[in-house]
Amino acid sequence: MKTSWISLFVVAALLPAIPGSPSVRALVGGDSQWSRMRATRSSATPPAITDGTPSFYKRKAEWKKVIDEYWGPGLPLAQKLQVFNTFADFVQSKYVAFNGLGISWDSLRSHYRNQITDSTSHGRFSGIMTALAYHLGEAHTVIFDSKYFKVDPTINMPIYPAWGTPVLAMLGASGNHLGATVSPLPDSSLLVIRTTANHPLGLAVGDVVLGYEGIPWKYLWKELLATEMPLFLPSGGSRSSVEHLWLTAGGVNWHLFDTIDVVKYPSGDTVHLPVDTLKTLKVPGVLCYKQSLDVPGVPEPDYMQIYSLNTRPVTYGKVQGTNIGYVHVTSHVNPATRDEFIRAVDAFRNTDGMIIDIRHDFGGETLYHLGQGLARMMNFKTYTFDIYRRASPSDFFALVKFPPPPGSAGGNDWYIDADPETLYDRPVAVLVGPHCVSMGDVSAYMLKLLPNARFFGKPIRACMAAHWEKELLPDLYGFDMEVSDAIAQDYHTPPRLLERAEFPVDEEVWLTQADVVKGEDTVVKRALAWMWPMHTMLPCPPGFVILAWTHFD
C-alpha cells in the first residue's frame with residue numbers, strides 16, 4: 001500500500017521517475033520497485049571471471065573472500081556509519097510494523113553495527129544493510145545499492161547480475177534473466193510456464209526446474225541467504241508468501257551456479273545443463289513473469305507497463321463460452337483503476353458470476369482503490385481502513401491514528417457508500433496470490449466484504465504499511481533507502497494485525513503441470529467449477545441485506 005508506497009523498490013537512478021509519483025502519497029506494492037532510484041556511482045571493475053572460474057556456489061569455502069574481492073574496498077568508515085545510522089535511526093523512531101515481528105530491534109541493530117569497521121568491504125557492507133532491512137519483514141522497507149542495482153532503460157526492467165556476481169536475487173521482475181517464467185509446485189520444484197522462443201537450454205513449458213548443481217533450490221536459497229551476501233530486490237510479507245517468492249527466485253539466480261537441474265516434459269528425464277549459454281541470452285522485449293495464464297475472451301493487461309501513467313491497469317471481458325465476467329486488476333497508479341473497475345462492474349451486472357483477478361495487483365496510490373466499484377456490488381455501507389503511525393519514537397509498538405496529508409486516502413476516503421439498489425447477488429470468485437501486495441493487499445481485504453465472494457489461489461503478501469516521508473531519507477553514497485512509517489489498520493478492530501498475517505483463502509490452489517501444458521490456468525478452472533452449480537442461486541429480494549460488516553474475517 002502506499003502512500004508513497006512503495007511498490008516500487010526503486011532505482012530510478014537509471015529510470016526517469018514516474019511522472020507524478022508522490023513521495024508522500026502512493027502505497028505501491030511490491031515487485032517493481034525500481035522506478036524511483038537514482039544512480040549515483042559507477043562500479044569499480046570487478047575481478048576477471050573466465051571460463052575456468054568455478055561457480056560462486058562451488059567456492060563456498062571462500063565466499064567471504066569472493067564477495068570482498070569482487071566488490072572491492074568499502075566507503076570510508078564515517079560514510080558507512082552515516083548510511084547505517086541514517087537508516088537505523090529512522091527505523092528506530094518511525095518504523096511502524098514492529099508488532100508481531102518477534103525481533104529485538106536494539107539487539108539486531110547492535111549486531112550489525114558491530115560488524116562495520118574501516119576494513120569492511122563494499123560487498124560486506126551492502127550485505128549488512130540489505131540483511132538489516134530484510135529482517136524487518138516489510139516490502140516497503142528496503143535498501144538499494146546502485147553499485148549493483150541497475151536498470152535497462154530500453155525495457156524499464158532491472159538488470160540481473162551477470163554470471164559469477166555474488167548477489168542473491170529474491171524477486172523475479174521478468175523472465176528475461178532465465179528466458180523462462182517459473183512457478184512453484186507443491187514439492188517446491190519450479191514449473192516452467194512460459195519461455196522465450198528457441199531457448200538456449202531447450203527449456204519448454206511443462207519442464208520442471210529442481211535446482212542447481214544437484215541440490216534442490218528449496219535448500220540452496222536458505223544456505224545462500226545465510227551468507228548475508230548483498231540482496232537484490234529483497235521483500236517481506238507473510239511467511240507463506242515470502243517462501244513462495246524465494247522459491248520463484250530459483251529462476252533468477254542461475255548466475256551463482258555452473259549447472260541447472262531440469263526434469264524434462266513429457267519424458268521425465270532429469271538433465272543437468274550447463275548455464276554457459278545463458279550468459280549471452282538476449283530476450284527480445286520483456287518476458288512476462290506473471291504466474292497465471294491467458295483466459296480466452298479476456299484481454300490481458302500489459303504487466304510490464306503497470307506503473308506507467310498511460311497504462312490500462314484494469315482489463316475485463318467475458319470468459320469465452322460463458323456468461324461470467326472476468327476482471328484483471330494490476331495496479332493503482334492512476335484514476336483508471338478506480339474508473340475502469342466501476343465500468344467493469346456495471347458491464348457485468350447481468351452476468352451469471354464474476355471473477356476478479358488480483359493475483360498480480362502490485363499496488364499504487366491510496367486514492368485509486370476499488371471501493372467505489374464495490375459500492376455497486378454491496379448493499380450495506382461501511383468504513384474499511386484507517387492509517388496509523390508510531391505514537392512515540394521511544395515506543396516501538398504503540399500506534400496512533402493520524403489524518404493523511406492532502407492528496408492521500410485514509411479513513412473517510414476509504415468509506416464504501418454502497419447503494420442497496422445496485423446489489424450484485426451472483427457468485428464472485430476472487431483470485432489472489434503472493435504477488436498481490438501493498439494496495440493489492442488492501443484490495444483483497446476490501447473484497448472480503450462481499451458476502452457472495454469465495455477466494456482462490458494462495459495468500460497475499462500482507463504488507464499493509466507504506467512510507468509517507470520518503471523525502472526524509474536521503475540517497476547516501478549510492479544507497480537508496482525506504483522505511484515503512486505508516487500502516488493501514490481495520491477501521492472497526494484496529495488492534496487486529498493484518499501486517500504479515502496469513503490471508504484466509506477458501507481454496508488454496510496454484511498452477512499444475514497437467515493444466516499448464518494444455519494452456520489452462522488451474523486457479524481459474526477451480527473458480528469456474530465452483531461457479532457452475534451456483535447459477536441456480538435465487539436473486540436476493542429487494543431491500544434484503546445479505547450480510548453486515550465482516551471485520552475482514
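## Cavity and pocket

The largest cavity holds about 110 Å³ of space. This is a predicted model: local features need pLDDT of at least 70, side-chain atom pairs count only at pLDDT 80 or more, and totals for chains, interfaces and linings use all residues. Residues are numbered from 1 along each chain as its sequence is written, and side-chain values use heavy atoms, with hydrogens and water left out.

The structure has three cavities of 30 Å³ or more. On a 1 Å grid over the protein atoms alone, a cavity is a set of points where a 1.4 Å probe fits but cannot get out; a pocket is an open set with protein on both sides within 12 Å along at least five of seven lines; lining residues have an atom within 4 Å of a point. Grid points are joined across faces, edges and corners, and a volume is the space filled by probe spheres set on the points. Thirteen residues, written 13 in the count, line the largest cavity, and Ser174, Ala180, Thr181, Val182 and Thr248 lie nearest its centre. Strand 6 (residues 180–184) gives the most to this lining, with three residues. The lining of the largest cavity has five nonpolar, eight polar and no charged residues. Here Ala, Val, Leu, Ile, Met, Phe, Trp, Tyr, Cys and Pro count as nonpolar, Asp, Glu, Lys and Arg as charged, and the others, Gly among them, as polar. Helices (H or I, at least four residues) and strands (E, at least two) are DSSP runs, numbered from the N terminus.

The second largest pocket has a volume of about 550 Å³. Its lining has 19 residues, with Gly237, Ser238, Arg239, Val242 and Arg500 nearest the centre. Helix 5 (217–225) and helix 6 (239–248) each supply at least two lining residues. Helix 6 gives the most, with three. By class, the lining of this pocket has six nonpolar, eight polar and five charged residues.

## Helix packing around helix 4

Helix 2 (residues 77–94) and helix 4 (residues 122–134) have axes that come within 11 Å and cross at roughly 5 degrees. Axes are lines fitted to C-alpha atoms, for helices over the stretch in contact, and angles run from 0 to 180 degrees between N-to-C directions. Helix 2 and helix 4 are therefore roughly parallel to each other. Angles under 35 degrees count as roughly parallel, over 145 as roughly antiparallel, 65 to 115 as roughly perpendicular and the rest as oblique. Lys80, Val83, Phe84 and Phe87 of helix 2 make the contact with Phe125, Met129, Leu132 and Ala133 of helix 4. Contact means heavy atoms within 4.5 Å. Seven residues of the contact of helix 2 with helix 4 are nonpolar, none is polar and one is charged.

Helix 1 (residues 63–71) packs on helix 4 at about 110 degrees, with the axes 6 Å apart. That makes helix 1 roughly perpendicular to helix 4. Ile67, Asp68 and Trp71 of helix 1 meet His122, Gly123 and Arg124 of helix 4. The contact of helix 1 with helix 4 has two nonpolar, two polar and two charged residues.

Six strands form an open sheet in the order 13-14-15-19-20-24, with mixed pairing. Two strands pair if DSSP finds at least two bridges between them. Strand 13 (314–318) and strand 24 (507–508) stand at the edges with a single partner each, so one side of each is left without a neighbour in the sheet. Strand 19 (residues 428–432) and strand 20 (residues 453–457) pair in the parallel sense over five bridges. Valine 428 stands opposite alanine 453 in strand 20.

Helix 11 (residues 522–531) packs on the sheet. It touches strand 14, strand 15, strand 19, strand 20 and strand 24, and its direction makes about 165 degrees with that of strand 19. Helix 7 (residues 336–347) lies across strand 13, strand 14 (324–329) and strand 15 (353–357), at about 10 degrees to strand 13.

Four strands form an open sheet in the order 18-17-23-21, with antiparallel pairing. Strand 18 (395–401) and strand 21 (465–466) stand at the edges, each with a single partner strand, so one side of each is left without a neighbour in the sheet. Two bridges join strand 21 to strand 23 (residues 486–490). Alanine 465 has isoleucine 487 of strand 23 as its bridge partner.

## Backbone exceptions

The peptide bond from tyrosine 265 to proline 266 is cis, with omega near 5 degrees. Proline 266 sits in the loop between strand 11 (259–263) and strand 12 (270–274). Serine 188 is not a glycine, yet has a positive phi of about 75 degrees. Serine 188 lies in the loop between strand 6 and strand 7 (190–195).
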